[in-house]
Each structure stands twice: as structure tokens, then as C-alpha cells.
Amino acid sequence: MKGLFWQVLVVGIAVAVIAFLWSNTVTNLSARRITTGFAFLGREAGMPIADSLLAYNPRDSYLWAFAVGIANTLRVAVIGIVLATVLGTLIGISRLSANWLLSRLAAVYVETLRDIPLLLQLLFWYVLMQALPAARAAWRPVEGVFLSNRGLILPAIPVGSPQLWVIGAAVLGLAVFYLIRRWQIAQQISDGKPRPAWPFAVGLIVALPVLVSVLLGVSWTIEWPALRGFNFVGGLTLAPEYFALLLALVTYTSAFIAEIVRSGIQSVPRGQWDAANALGLRRSFMLRQIILPQALRVIVPPMTSQYLNLTKNSSLAVAIGYQDVVSIANTTLNQTGQPIEAIALIMAVFLTISLSISFFMNWYNSRIALVER
């Protein structure tokens with residue numbers, strides 16, 4: 001009973017402090033005739049957004065401008081997480097390689113990038129992008145790929161409604177195949193009879209999207225970029241600001257992920273390696289099927305923190321002019337004079353994204369955790 005009393009008292013004090021701060025804020029804002037509320041979201045934004053994933057016009061509302069900013073943030077965060085995971089895993093494995101040169105190069109990569117502040121790396125990549133040749137003298141490392149101070153230009157397949165139906169069919173096929181495969185494994189455990197999975201894989205993952213594509217008459221023509229005047233036409237353009245931000249986030253975060261992967265692999269008992277070597281298994285097979293599945297239990301929790309860090313570090317985009325949700329909120333508060341609401345929206349956006357990442361990673365961690373009997 002005594003413990004309950006103190007808990008109620010602490011909660012009451014916290015509520016009272018929050019109520020006092022809120023009342024004091026509202027009173028001061030009213031005294032200074034500062035408008036409050038989120039009604040400004042329905043007004044015309046009037047701000048230009050140069051690089052946007054969603055269609056945008058300055059005559060659109062502030063609400064849609066925020067939506068465009070959120071899409072730009074997710075565009076960096078999601079792709080950055082995937083690329084940083086792949087690159088960090090490869091570098092982490094390379095650090096344990098028997099090849100002396102490869103392991104030393106991986107160590108230099110990790111130690112160098114971890115010790116340089118992310119903002120400096122971001123500015124370095126941005127300045128480097130600006131120092132690239134103009135569009136007319138763009139580098140062409142591969143046919144159809146151009147690198148210049150206009151950014152990275154790649155061939156692309158225009159994606160419209162028909163293409164989205166095909167992609168949806170492929171995703172559905174993958175989900176159904178996953179469920180069928182789980183059922184097959186469960187049946188094999190119960191009766192010991194192996195069941196082939198390849199017919200379902202071919203039918204659901206390959207044949208189903210192809211059938212949908214044929215029925216809808218979807219065109220998969222590649223759009224090749226070409227120089228017209230002083231700029232490129234066609235293809236996919238990654239603006240210098242976006243490309244520099246993505247490079248900085250991926251290289252910086254991958255250095256930390258590499259150390260997480262290395263420590264996770266080293267946490268697996270040496271006996272697992274010795275047993276696999278005694279069976280004559282290839283090293284790549286050992287890593288993929290024996291070592292990494294066990295190391296994931298050590299890797300996933302700290303990896304979650306790195307995913308959250310990458311997402312939050314994307315807010316540094318404002319330093320190079322990439323218009324993510326933070327940049328758009330800064331412009332909004334300058335135009336409307338409502339900083340509290342603009343900052344609250346930024347906090348809500350990053351809190352929602354971070355909680356979503358944490359929820360998914362915690363769910364995945366619980367799936368791979370050892371079950372005690």
C-alpha cells in the first residue's frame with residue numbers, strides 16, 4: 001500500500017508539472033498574440049521543393065508539403081538501412097577473413113569512418129559532388145550511367161499503375177510461398193518426408209507476376225537517360241544532395257554495423273566452426289547456414305540502435321539543402337511563425353518512424369531468440 005501511495009504521488013506531481021508548463025506556455029503565447037494550433041496546415045505552402053518523391057506544387061497545402069518531406073525522409077532512411085546492412089555485413093565478415101590484406105583494409109575502413117563526425121563526412125561528399133564535371137562532360141562508368149554535378153543518372157523503368165499490379169502480384173506470391181514453405185517444414189518434421197519447394201517457387205514468384213504482366217499488357221521498356229542541352233532527360237536522377245546524404249549515412253553507419261557483425265560472429269563458440277570443418281563444409285556455407293543464424297541473436301539488438309541512428313541522422317540533410325521533413329518544417333515555421341507546432345510535427349514524425357523500426361526489430365528478435373524448455 002505504501003508503494004502504491006508513492007507511485008500515485010509521483011504520477012500526480014508529473015501531471016501537475018506538465019499542466020503548469022502547458023498553461024504557462026498558452027498564457028505567454030496569448031499575451032504576445034502568437035497564433036497557436038494546426039489550422040495553418042490547410043493553407044497554401046508556397047514553398048518550392050526541388051527533389052520530391054511525391055508530386056508537389058507550391059500551391060499545395062502545408063500538410064501535403066509535410067507529407068512530401070516525410071516521403072523524402074523515408075526515401076533516405078529505408079534505402080540507407082538496406083545498403084548499410086549489406087555493406088556493413090560484408091565488411092564485418094571481411095575483418096575476420098584469413099586474407100591479411102582484405103582484413104586490414106576492412107579494419108582501416110571501420111576505424112577511419114567511425115572516428116570522423118558524420119556532419120564532416122556529409123559535407124565532404126556534398127563538396128565532392130559539386131566538384132564533379134558539368135553535364136556535358138559527365139563521367140560514364142557504365143553505358144547509360146552518368147555522374148556529374150547534376151547527380152547520378154541511371155536507366156529506369158517507368159512505374160505506373162500496371163507495373164504496380166505486377167509488383168503486388170510478386171509480393172503476394174512471396175508471402176504465399178513463405179506460408180507454404182513453413183507448412184512443408186512442419187510436415188517434414190512430423191513425418192520425416194521431404195517435400196520439394198521449387199514448383200511453388202516457380203509458380204508463385206515467377207509465373208504469377210508474368211501472367212499478370214501478360215494479361216495487363218504491361219510494358220517493361222527501359223528508359224535510357226540522354227543529354228539534352230545542359231541537362232539530362234529520361235532515366236532516374238539522384239540529385240547531388242540526396243546522393244551525398246545517402247553516401248554519408250550508408251558509409252558511416254556500415255562501419256558500426258561491421259563491428260556489430262564481427263562481434264556477433266566471434267560470439268559463436270569455436271566448437272561450431274570445428275564441427276563444420278570436420279564435416280568438410282565450405283566456409284561460405286558455414287557462415288550462411290551455421291554461424292550467422294546463431295550470431296543474429298547477438299547482432300539484432302545493437303543493430304536496431306544503428307537503424308534508429310541512421311534514421312535520426314538523416315535530419316542532417318538540412319546542412320546541404322536536401323528537403324526532408326526537418327528542412328520543410330524549418331521553412332514552415334519561418335513562414336507561419338508557429339515554431340512549437342512545426343517542431344512538434346518533426347518530433348511526432350521521427351517518434352513514429354523510430355517506434356515502427358523498434359517494433360519490427362523487437363518482433364524479429366523474439367522470432368530468432370532461443371526458447372528455453
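**Questions on a predicted model**

Reader: What are the helix and strand percentages of residues 70-361, and how far apart do the end C-alpha atoms of this span lie?

Author: In this predicted model, residues 70-361 are 71% helix and 5% strand, and the end C-alpha atoms lie 21 Å apart. The UniProt annotation "domain: ABC transmembrane type-1", from an unreviewed entry, covers this span.

Reader: Where does UniProt place the feature "transmembrane region"?

Author: The unreviewed entry places that feature at residues 6-22, 76-97, 159-180, 200-222, 242-261 and 342-364. In the model, residues 242-261 are 100% helix and 0% strand, with end C-alpha atoms 27 Å apart. Residues 342-364 are likewise 100% helix and 0% strand, and their end C-alpha atoms are 33 Å apart.

Reader: What makes the pairing of the side chains of Glu-259 and Arg-95 a polar contact?

Author: The two side chains come to 2.6 Å. A polar contact requires a pair of N or O atoms within 3.5 Å, one able to donate a hydrogen and the other to accept it; the pair of Glu-259 and Arg-95 is therefore counted as one. Leaving aside neighbours within four places in sequence, Glu-259 is in contact with Arg-95, Val-110 and Arg-114.

Reader: How do the axes of helix α2 and helix α11 lie relative to each other?

Author: The axes of α2 (residues 62-95) and α11 (residues 339-368) come within 12 Å and cross at roughly 35 degrees. The crossing is right-handed.

Reader: Which residues of α2 and α11 meet, and how do the residues of this contact divide into nonpolar, polar and charged?

Author: From α2 come Phe-66, Ile-70, Thr-73, Leu-74 and Ile-81, which meet Leu-345, Val-349, Phe-350, Ile-353 and Ile-357 of α11. The residues of this contact divide into nine nonpolar, one polar and no charged. Val, Leu, Ile and Phe count as nonpolar, and Thr is not among the residues listed as nonpolar or charged; Thr-73 is therefore the polar one.

Technical notes:
Residues are numbered from 1 along each chain as its sequence is written. This is a predicted model: local features need pLDDT of at least 70, side-chain atom pairs count only at pLDDT 80 or more; totals for chains, interfaces and linings use all residues. Side-chain values use heavy atoms; hydrogens and water are left out. Axes are lines fitted to C-alpha atoms, for helices over the stretch in contact, and angles run from 0 to 180 degrees between N-to-C directions. Helices (H or I, at least four residues) and strands (E, at least two) are DSSP runs, numbered from the N terminus. A crossing is left-handed if the near helix is turned anticlockwise from the far one by less than a right angle, and right-handed if clockwise. Contact means heavy atoms within 4.5 Å. UniProt positions are given in the numbering used here, feature names are shortened, and annotations may be inferred rather than shown by experiment.
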